[in-house]
Amino acid sequence: HGAAVLWLAFAAVTSVSAQISGTATLVSNYRVRGISLSENKPAAQLGIALDAADGWYAGAFASTVEFAISPGRELQTVPFIGYAWRAADGLSWEAGTDYSFFTGKARNYDYPEVYFGVASENLSGRLYYSSHYFGQNAGAIYAEANGTHSLLDRVRLLAHLGILRSTGGTNNYGWPEHLFDGRVGLAADLDRFNVQLSWVATSSTTAAYATTGVRSRNGPLLTFSLLF
């Protein structure tokens with residue numbers, strides 16, 4: 001969740017002065033690590049990031065969500081702060097933390113995370129850790145790798161692979177100890193607009209977060225973003 005906004009902040013580490021950037025996004029299905037947090041329905045999202053010249057960044061991501069335990073739409077907000085730097089070998093590194101807050105009956109599922117990442121021009125990876133993932137009595141580690149490849153002047157191929165592993169304790173997620181998710185798709189960059197069409201899949205189509213009633217389904221994902 002909030003990956004686009006966090007990556008936006010990370011990529012801006014080479015900026016020579018502080019800057020504010022943001023995105024307003026509509027998605028056909030809000031998936032968090034392959035699993036829907038919108039009952040397989042569309043969601044609206046907003047993100048903003050402040051990037052300082054010395055490598056520090058901070059911001060917030062927000063999205064509408066929908067849970068079985070709470071009729072109607074609720075809101076998830078994820079403030080984050082981190083530090084990014086570029087090494088002599090050209091790689092960019094970062095470390096930071098974020099916290100997911102939910103409104104309504106889902107507020108008991110708030111959880112913190114810390115993360116560490118590395119990126120080159122077309123590849124990036126991140127490792128996340130939460131001591132109480134989605135408010136459960138269980139920790140979780142999530143590792144992801146992301147890649148892009150230019151096909152045309154404004155068209156890119158996207159790929160993502162992630163693995164979520166429980167670190168012990170009791171969870172109510174309904175998934176195995178290791179859960180894989182993947183995504184492949186195309187992105188078109190049209191000045192201030194970005195459009196993505198992807199196929200998302202998980203290794204367990206019965207997996208769900210404790211708050212969701214509709215199980216995860218493999219399928220297409222359409223994303224439309226305005227950059228500002």
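This short talk describes the fold, the nonpolar core and the aromatic contacts of one protein.

Good morning, colleagues. The structure is a predicted model, and every value I quote is computed from it.

I begin with the overall picture. The protein has 14 strands and one helix. Of its 228 residues, 45% count as buried. The protein exposes about 10900 Å², and carbon and sulfur atoms supply 64% of that area. As for contacts between residues at least 6 apart in sequence, 52% of them join residues at least 24 apart.

Let me turn to the interior. In soluble globular proteins, nonpolar side chains tend to be buried together. Here the largest nonpolar core holds 28 residues, and the members that touch the most others are Tyr 30, Leu 37, Phe 102, Tyr 133, Phe 134 and Tyr 209. Which elements give two or more residues to this core? They are strands E4 (43-51), E5 (56-67), E6 (70-86), E8 (111-119) and E10 (137-150). Strand E5 gives the most, with four residues.

Next, the aromatic rings. A pair of aromatic rings is described by the distance of the centres and the angle of the planes. The count for this protein comes to 16 aromatic pairs. One of them joins Tyr 30 and Phe 61 in a tilted arrangement, at 6.2 Å centre to centre and with 55° between the planes. Tyr 30 lies in the loop between strand E1 (19-27) and strand E2 (31-32), whereas Phe 61 belongs to strand E5, so this pair ties together parts that are 31 residues apart in sequence. Are these two partners buried or exposed? Tyr 30 counts as buried because its relative accessibility is 3%, under the 20% limit. Phe 61 is buried as well, at 6%.

A second pair brings together Tyr 115 and Tyr 128: the ring centres are 5.8 Å apart and the planes stand at 50°, so this pair is also tilted. Tyr 115 is in strand E8 and Tyr 128 in strand E9 (residues 123-130), and the pair links parts of the chain 13 residues apart. Tyr 115 is buried at 3% relative accessibility, and Tyr 128 is buried at 5%.

Both of these tyrosines also have an arginine over the ring face. Arg 126 lies over Tyr 115, at 4.4 Å from the ring centre. Arg 33 lies over Tyr 128, at 4.7 Å from the ring centre.

Ring pairs also build a cluster, which links Phe 67, Phe 102, Tyr 111, Tyr 133, Phe 134 and Tyr 209.

Arg 33 is found in the loop between E2 and strand E3 (35-36), and is buried with a relative accessible area of 9%. Glu 39 likewise has a positive phi of about 55° although it is not a glycine. Glu 39 lies in the loop between E3 and E4 and is buried, with a relative accessible area of 15%.

I finish with Phe 193, placed in strand E13 (residues 193-202). How exposed is Phe 193? With a relative accessible area of 37%, Phe 193 is partly exposed. Beyond its neighbours within four places in sequence, Phe 193 is in contact with Ala 188, Phe 224, Ser 225 and Leu 226. Its C-alpha atom is separated by 9.2 Å from that of Phe 228, 35 residues away along the chain.

Thank you for your attention.

How values were computed. Residues are numbered from 1 along each chain as its sequence is written. This is a predicted model: local features need pLDDT of at least 70, side-chain atom pairs count only at pLDDT 80 or more; totals for chains, interfaces and linings use all residues. Side-chain values use heavy atoms; hydrogens and water are left out. A nonpolar core is a set of buried Ala, Val, Leu, Ile, Met, Phe, Trp, Tyr and Cys residues joined through side-chain atoms within 4.5 Å. Buried means under 20% relative accessible area, exposed over 50%, partly exposed in between (1.4 Å probe, protein chains only). Contact means heavy atoms within 4.5 Å. Accessible areas come from the Shrake-Rupley method with a 1.4 Å probe; for residues, only the protein chains shown count as cover. Rings of Phe, Tyr and Trp (its six-membered ring) pair if their centres lie within 6.5 Å; planes under 30 degrees apart count as stacked, over 60 as edge-to-face and the rest as tilted. A charge sits over a ring if NZ of Lys or CZ of Arg is within 6 Å of the ring centre and within 35 degrees of the ring normal.
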